[in-house]
Amino acid sequence: MKTSIATVSISGELDEKLAAIAAAGFDGVEIFENDLLVYDASPREVGQMVRDQGLEVTLFQPFRDFEGMPEAQRSRAFERAERKFDVMQELGAELVLVCSNVSPASLGGIDRAAADFHELGERAAKRGLRIGYEALAWGRCVNDHRDAWEVVRRADHANVGLILDSFHTLARKIDVGSIRAIPSDKIFFVQLADAPLIDMDLLYWSRHYRNMPGEGDLPVTDFTRAVAATGYDGYFSLEIFNDQFRAGSPRQIAQDGYRSLIHLGDQVRRREPDARIALPDMPDRIAVDKVAFIEFATDGPETNEITGLLETMGFIPAGRHRSKSVTVYQQGEIRIVVNTETAGYAGASYNFHGTTAYAVGLQVSDACGAVSRALGLGAGAFTQPPGPGETAMPAIYGPGGSLLYFLDASPSLSRIWETEFEPVDPVHPVTPAGLHSIDHIAQTVEYGELPTAVLFYTSLLAIEKTPVFDVIDPAGMVRSQVVAAPAGGLRMTLNGAENRRTLAGHFIAENFGPAIQHIAFQTEDIFATAAALARNGFRTLKISRNYYDDIEARFGLDAEFTDSLQAADILYDRDEHGEYFQLYSAVYGEGFFFEIVERRGYRGYGAANAIFRIAAQKRQIRPDGMPAVSKVSRE
């Protein structure tokens, strides 16, 4: 698969962009004209910079307002084209993008446009160049790739072909099946972009809200399948206009772009038998059975705090590692690993972040296959030398420097709890609280990194994403998106914090980066669980009486039932599928907390309750500006 990206897609100076694009693994780069014009180097020097990075100039763009002009403007358009050809030859660019005319002076007419392109093709051929015609979704006379193809067909010139852009086709809801009839040799270039579904002006939508394939809501896979079905084997290139990306890390955005293309190509070749997309072999997206464990890094007095909190929730120490300072706590199918090692990645994580849930273990269909796919998508493998008698558990680096471990049914991995841990007797008597599984995990990231995290998980695992929704914090908005396995084996809410005054933003700032902010456990009887928690000394998050008055009126609840909810600090929600009950721990540290839920057919995550929960939590945490002990100094 030949991969490319337009320089306009990422931030930075042109040399910084080229370095990021090369580091991400792309084969080529589209040079966006403005990036060239503002850079202090000649086109020849820029072309050499591209080649020095091991890249090819795949396209020079855009050339605007060319076809169908009245005579005075027509002659000027050809003069402008000759100047572009000069620049292209200096750059070493062989193909130029001509986008459909948006000028009010344009006369339109398929034959008139075709005649102009035939002449332009003649001029380009004399220089060994090619012309690609693209239909802009807001073009004055041509805004549909089917009309652009008819112009190219009638131009009937070997040096004139079609450029297809997924956004322009999908934004206008044009049938992608029409692409399958276009001869592959007349498709000169393919640009790809996704976008969230927003009802707004096409030009504004395109210029500000495009994102990587798989990050939005457009059927980019269907579009790419149609292109692949023609036998096209040229470049697939990203052209992304996005305000967040322009302010983000060039290397991160480029890496996301490359991952999105590889994932897209892999899915297309699996579904389209005639696709000529060459990619290294990799397993398909990996099925997730369940969350096998969550691991905390901690040390010193904080160890007693986190283990004491676990015990009040009914967890008992079920095993201690035979050679390391690691204990596993268990209740039902839930395993929480507490790692107090001062060396290795856990020790480094604690020194930097303090006590944190730094690793997640997933029970998957194929642990080694999961790592293989992750590496194919550009993720990094995590390795740490195993001790005597230990099993090397397959693992990768996840978003924010977290770790993602994989277990499967293979003999060595399925028996790891028996072979590496020895039974221990509880120091304190603990009453089980009826918690049986992990309902969901919430990971908080910077708002600009939310698409990165969603793409990471959905390209690696057989999970699907929900649309982005807003979580209301009294101090601002948090963008949230859920990724989940169809059968519920993994549910993860990814929350993007826009400012540090929100609870999510405070958590990121005080923990020096993104991390798991809360873990939700599932019970079959929230009231019995609440009673057991109370006997264990569990401290609940106190919810105001005003909340209960509101839900009693809003849902038409019985007053006695509402009183029972308030007595246990249980929150309530309801959707068309059923009821939802939530119970929260007091805040731990700088914003971490546990949640206990009961689902009675309900499919959501209690978003309507978030503002009440967050307000209560913010009353507990340290106010902004009050000094805290530096995590880095706790060594």
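Arg-320 has Thr-327 in strand 11 as its bridge partner. Four bridges join strand 10 (residues 316-321) to strand 11 (residues 326-331), and the two run antiparallel. Strands (E, at least two residues) and helices (H or I, at least four) are DSSP runs, numbered from the N terminus.

This is a predicted model, in which local features need pLDDT of at least 70 and side-chain atom pairs count only at pLDDT 80 or more, while totals for chains, interfaces and linings use all residues. Residues are numbered from 1 along each chain as its sequence is written, and side-chain values use heavy atoms, with hydrogens and water left out.

The open sheet has eight strands in the order 14-15-13-9-12-11-10-16, with mixed pairing; two strands pair if DSSP finds at least two bridges between them. Strand 14 (395-397) and strand 16 (421-422) are at the edges with a single partner strand each, so one side of each has no neighbour in the sheet.

The protein chain averages a pLDDT (the predictor's confidence in each residue, from 0 to 100) of 93, and 98% of the residues score at least 70. Over residues 625-635 pLDDT stays under 50. Where pLDDT is low, the predicted coordinates should not be read in detail.

Key
Contact = heavy atoms within 4.5 Å.
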